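Subject: Handover of a structure and its findings

Dear colleague,

Please find the structure below, followed by an account of what was found in it.

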Amino acid sequence: MRERQPEQYLSLLLQARSGRLTRRQVLSRALRVGLSSPAILSLLAACAQQEGGGAPTPTTAPAAGATPAPSGPRLSENRDFVILFSGGVPDLDPQSAYDNQASALFLACYEMLIRLKGESTFDYEPMLAREWSHNDALTEFTFKLAPNAKFHDGTPCDAEAVKASFVRFRRMERGPYNVISRFVDNPEDQIEVVDPTTFVFKTPKPEPLFLAAIASEYGPLVVSPAAMEQHKTAEDPYAHEWFAQNIVGTGPYKAVETLQQERFVFERFPDYHSEAPFFDRIIARVVVEDATRRQLMESGEAHGCAYFNAEDLIALKQNPALQVIDYETTQVNWIRMNYHKLNTKARQGFAYAWPYQEVLDKVLLGYGKMINGPIPDTVIGYDPSIPTYTTDLQKAKQLLTEAGVKDGDSFTFMYAAGSADTAAMAQLFQSNLAQIGITLELQQVDRSALIELNYGDAPPEERPHFTASGWWPDYNDSWNQLYPNFHSDSVGSKGSNSSFYQNPEVDRLMDQLQVATSEDEIRELTGKIVQIMTWDDPAAIFWGQITRATVLARDIRGFIPNGIYIASYNFHQMWREAV
Amino acid sequence: MTAEPRVQRDQRPLVLEVAARQARRRGPLAWLLTFLSQSPLNVLAMGLILLFLFLVIFGDALAPHDPVKPDIAFKLHAPSTTYWFGTDELGRDILSRVMSGAKYSLGIACIILSIALIIGVVVGAIAGYLGGLVDEILMRVTDLFLAFPALILAMAIAATLGRNLQNVVIALIAVYWPWYARLVRGQVLSIKEREFVEAARAVGAGPGRVMLRHILPNTTAPVIVQLTIDVGYAVLATAGLSFLGLGAQPPIPEWGTMIAGARTFFREAWWYITFPGLALTLTVVGFNLLGDGLRDYLDPRSRRQ
Amino acid sequence: MVLHLIARRLIFLVFVLLGLSLITFTLSHIVPSDPARMIAGPRASPQAVQKIREDYGLDRPLHEQYLRYMSGVIRLDFGDSLSSRRPVNEDLKRYLPATLELTLYAMLFAVVGGIPIGVLSAVKRNSLIDAATRTVTVLGLSVPSFWLALMLQFFLFAQLGLLPDGQRLPIGIKEPPTITSLYTVDAVLSGQFSLFWTALKHLAMPAFVLGFGSLAIVTRMVRSGMLEVLGQDYIRTARAKGLEPKAVVLRHALKNALLPAVTVIGLQIGLLLGGAVLVEIIFSWPGIGRYAFQAIQTFDYNAVISVTLIIGFAYVTVNLLVDIAYMFLDPRIRVV
């Protein structure tokens with residue numbers, strides 16, 4: 001490669017001068033060829049001024065979070081980006097998985113049509129689609145694809161393929177399918193292919209939230225229909241089992257190795273339709289032990305991790321070799337209560353037994369704040385007038401006794417390994433209950449086992465009484481926060497309602513909320529739902545709205561945290577500076 | 001987990017048995033004093049064992065703080081005058097937990113071995129005494145259990161039956177009883193042909209009486225040596241399984257469980273992982289030294305050198 | 001005579017294997033929950049569970065189920081793993097070499113360290129060296145392996161950065177071409193010496209921790225064997241005759257002292273195979289011990305039962321081979 005560089009440089013120089021290539025294209029080709037930084041800089045200087053748009057490149061403007069280097073930052077030779085997960089990833093099917101570790105991977109190898117821009121939760125930028133538009137009535141949404149988009153298996157990604165992918169998403173009815181089903185009930189008819197790169201979504205009524213939903217990293221990612229046809233079976237007509245293990249998307253990286261309990265290795269996909277990102281390889285390593293994740297970040301063997309307990313975060317902030325980026329999110333954590341095994345009074349009683357202040361102050365050390373229900377305080381529909389719980393063991397005991405719970409009764413609490421904070425709060429809860437004569441049996445299981453149980457179809461009798469859990473909306477909307485978790489249609493593999501909460505009044509209100517037309521209506525309905533779900537017929541113990549943090553190596557640039565794309569990385573914009 | 005070799009050299013148990021008989025005639029206190037005077041290591045061993053056995057019985061009562069109840073305002077405090085061994089991530093006093101945990105880490109091991117011993121003695125005695133087909137069958141079953149690698153069997157049992165200390169006890173009993181069966185059987189075989197046994201039988205003593213009064217008492221020496229060594233291994237096995245999350249569950253202050261919890265906080269709290277580990281090590285050291293000392297004491301050949 | 005004994009042992013081996021499979025079969029059926037649910041996994045719908053029940057014949061009488069189970073075992077078909085969704089024996093083929101390599105180096109460490117130290121300690125009895133040796137061996141038998149592993153990992157990796165935290169190779173480094181599946185051997189065979197060195201560095205801590213207990217035992221065995229031999233009359237006679245003490249030691253004493261050590265080594269191999277679980281987990285070593293543990297964590301019962309069976313088989317077979325070897329080495333010893 002070295003020997004051919006002068007010719008390639010010359011050729012790129014000529015193309016740059018004549019304006020035949022954009023700055024981005026010049027940069028990406030120069031990187032691919034392996035030109036030196038001064039050479040690249042001179043090439044970019046030779047480019048005619050072009051309109052930007054899309055991802056900021058290393059030499060146009062330093063991305064948010066990086067200090068501008070004096071004469072243009074130097075690009076590192078190290079093109080590997082190693083991230084760490086806290087547990088296994090059991091399901092790699094993007095139209096079924098509702099797992100934030102999985103979606104971090106998906107952003108490397110699958111694509112939505114559009115994605116959120118930077119930190120914004122309502123501005124979009126192109127991903128698989130180059131252009132998009134909608135009519136004034138907000139009933140038709142047109143997308144224009146990149147003309148040369150290909151799947152990793154070599155088949156072309158044209159409008160028909162995208163339609164087939166969305167049909168699968170809607171009809172498979174797994175996991176995050178509510179993201180599409182709210183707007184598109186009949187994808188075969190509602191998606192119209194205009195030409196090989198253009199198609200239109202048609203909705204029967206105005207849908208102002210449609211674009212926000214289409215930009216979600218849970219669900220509306222495009223999978224290869226050819227691969228589905230090849231691997232489907234009579235029992236599995238959508239090849240879900242195959243896609244749970246294999247990745248075939250249109251993203252800039254293709255999967256080279258997927259060992260679900262160990263590691264995932266992605267390499268650059270040479271036929272990617274847009275400009276290539278900086279990193280050649282993305283490697284995700286599963287490390288269950290908190291302490292080991294920290295050691296790996298400190299030693300520099302790993303470059304990014306979004307899973308640390310609060311003590312570690314505070315300590316890592318003192319480490320000059322690392323950057324800790326805190327960001328506010330819409331994540332609410334709760335303890336699900338098994339609706340079939342615990343009656344209403346019991347659930348109310350248990351809600352009074354949770355150690356709210358201790359958890360927020362002493363375990364999370366400020367990485368969370370009190371919340372009065374499942375709706376985070378930045379989402380429309382949040383009602384500050386609904387009171388929060390406090391820890392009151394007397395009241396808890398009284399309610400539990402009325403519920404028929406006797407001294408010495410035993411209950412099960414299941415949570416995922418890999419988080420020392422969760423383990424600590426489980427023990428605090430256990431201790432509170434012990435004080436009023438209740439035995440809580442703690443079951444720490446592997447993260448993937450918990451996910452399998454939550455999203456599987458085991459009946460509620462076979463599930464534990466309590467499960468540690470949390471959620472944030474796929475797009476900024478209260479219905480989306482509530483529906484997959486608490487609607488009776490979302491039980492089992494159809495959503496995230498793993499505690500089998502089934503309250504007909506809440507269902508009715510949620511169905512109204514789904515088609516609400518004004519903000520006032522949204523607020524009113526959401527308020528009523530939250531009141532029932534928190535106080536009258538508790539669905540879960542809602543204990544905190546979480547502040548997240550991502551830890552990166554000092555030399556990583558271009559990372560932008562997004563309050564919706566929680567614990568994910570904007571791989572396409574990130575790069576490493578040579579220091 | 002490791003084990004001493006089980007090759008049966010014919011001479012050794014006999015020698016041990018003779019020495020033990022001699023020792024017994026002198027009375028237990030004299031025996032103890034002679035034993036202690038043999039080597040300062042024996043004194044150390046007895047000291048450690050007595051200390052930890054004391055904790056098994058009185059640990060809970062003497063613990064300065066509540067070993068189980070969290071007090072999170074004091075989380076991860078370094079060792080101080082109030083908390084001699086510091087506190088853990090829930091503010092619990094580690095000294096109290098170590099003291100209270102002795103009955104889980106060591107006490108459980110003693111229970112396991114007691115039951116394993118009883119089963120082993122019964123099986124071995126019957127096999128040795130009756131001989132023939134009964135012996136053959138029982139020994140094959142014993143060998144089957146001997147053949148199984150201990151930790152794997154214990155893990156499989158915990159996986160299928162559930163993760164708690166009871167199942168660890170069951171698993172480890174299954175692992176240890178065969179050693180005693182084999183040992184006792186070998187002893188019984190060699191003793192039952194001796195004159196004094198024949199004499200007892202000639203006088204009209206029934207098999208039970210012969211067994212209890214004449215044969216079994218002469219098998220104690222090698223069994224005791226084996227027991228002391230096995231206590232150490234049983235402690236490590238219990239702690240290892242609890243460390244993996246298959247044994248004692250929170251909030252039980254078993255030493256292995258504590259080490260598992262301490263892993264996350266190693267950087268900030270060196271005391272959290274150090275003291276339970278030291279407790280484990282010292283307990284096992286005590287029993288190993290005792291086993292060594294007993295073997296040396298009861299085997300006159302080594303004394304000659 | 002020896003052939004007769006070997007034949008006996010082989011028959012016994014078959015019996016033990018049958019017994020092992022009976023034990024694992026029993027274990028997989030006395031689960032508190034439904035065995036079909038165990039195999040199908042927590043995700044499966046009740047219909048999928050029922051299908052598994054029929055496919056595996058779990059509603060048939062027990063003896064029929066056992067025969068079916070055994071027919072699978074004989075064909076080395078252990079069913080599919082739930083998390084990898086591959087046949088379990090494929091998973092095992094993948095992870096076994098790592099455990100073998102680790103065990104090999106642990107043994108090497110124990111033997112190469114134990115024999116000279118044991119000899120030295122016996123020859124210089126009651127000296128400072130002897131005392132130090134005896135202290136270290138007692139510690140080697142008493143220190144919990146997982147604690148030792150964590151301590152070493154903390155000091156040598158986190159604090160000093162001298163050795164890696166675990167795994168067989170750093171992330172992103174390509175393995176050597178597969179000849180023996182042992183990375184160190186393959187690296188040497190294919191001329192990649194820096195890779196060999198890297199693989200060795202990754203082996204250092206786990207092999208040390210795994211072998212420490214065996215080191216203690218080998219040292220003690222060699223020491224006591226040497227002491228016995230050294231005290232015997234013919235040695236004193238040789239000394240009295242004026243023969244070089246070193247020659248005496250090396251030629252006569254060592255040979256006899258090695259026999260108990262060999263037995264121990266053989267037994268240790270089997271024990272190490274099973275006992276590597278803790279070390280593999282702490283050092284993220286991709287071996288069958290860690291696989292077995294992960295199978296437990298992910299409720300992958302097929303894998304748990306199958307690994308238990310396999311490790312049991314290996315253990316028994318290795319012990320048998322060692323016993324046979326021992327029979328040839330010392331005709332006086334007849335291990336029953």
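Chain A contains 20 helices and 19 strands (DSSP runs numbered from the N terminus, with helices being H or I of at least four residues and strands E of at least two). The model is a predicted one, in which local features need pLDDT of at least 70 and side-chain atom pairs count only at pLDDT 80 or more, while totals for chains, interfaces and linings use all residues. Residues are numbered from 1 along each chain as its sequence is written, chains are lettered from A and ligands numbered from 1 in the order in which they are written, and side-chain values use heavy atoms, with hydrogens and water left out.

Chain A as a whole

Of its 579 residues, 64% count as buried (under 20% relative accessible area, with exposed meaning over 50% and partly exposed in between; 1.4 Å probe, protein chains only). Among the contacts in chain A with a separation of 6 or more, 71% join residues 24 or more positions apart (contact means heavy atoms within 4.5 Å).

Strand β16 of chain A

Strand β16 (residues 466-471) of chain A is largely enclosed by the rest of the structure, because five of its six residues are buried. Strand β12 (residues 322-337) of chain A pairs with β16(A) in the antiparallel sense over six bridges (pairing requires that DSSP finds at least two bridges between the strands). A:S469 in β16(A) stands opposite A:W334. Strand β14 (residues 410-416) of chain A pairs with β16(A) in the parallel sense, over two bridges. A:F466 in β16(A) is the bridge partner of A:F413.

Residue A:E577

A:E577 lies in the segment after β19 (575-576) of chain A. This residue counts as buried because its relative accessibility is 11%. Its side chain makes a polar contact with the side chain of A:R557, at 2.5 Å (a pair of N or O atoms within 3.5 Å; within protein, one must be able to donate a hydrogen and the other to accept it, and residues adjacent in sequence count only if both atoms are side-chain atoms).

The interface of chains C and B

The contact takes 58 residues from chain C and 56 residues from chain B. One salt bridge is counted between chain C and chain B (a side-chain nitrogen of Lys or Arg within 4 Å of a carboxyl oxygen of Asp or Glu). B:D292 forms a salt bridge with C:R220, with the closest N and O atoms 2.4 Å apart. On the side of chain C that touches chain B, α11(C) gives the most, with ten residues.

Yours sincerely
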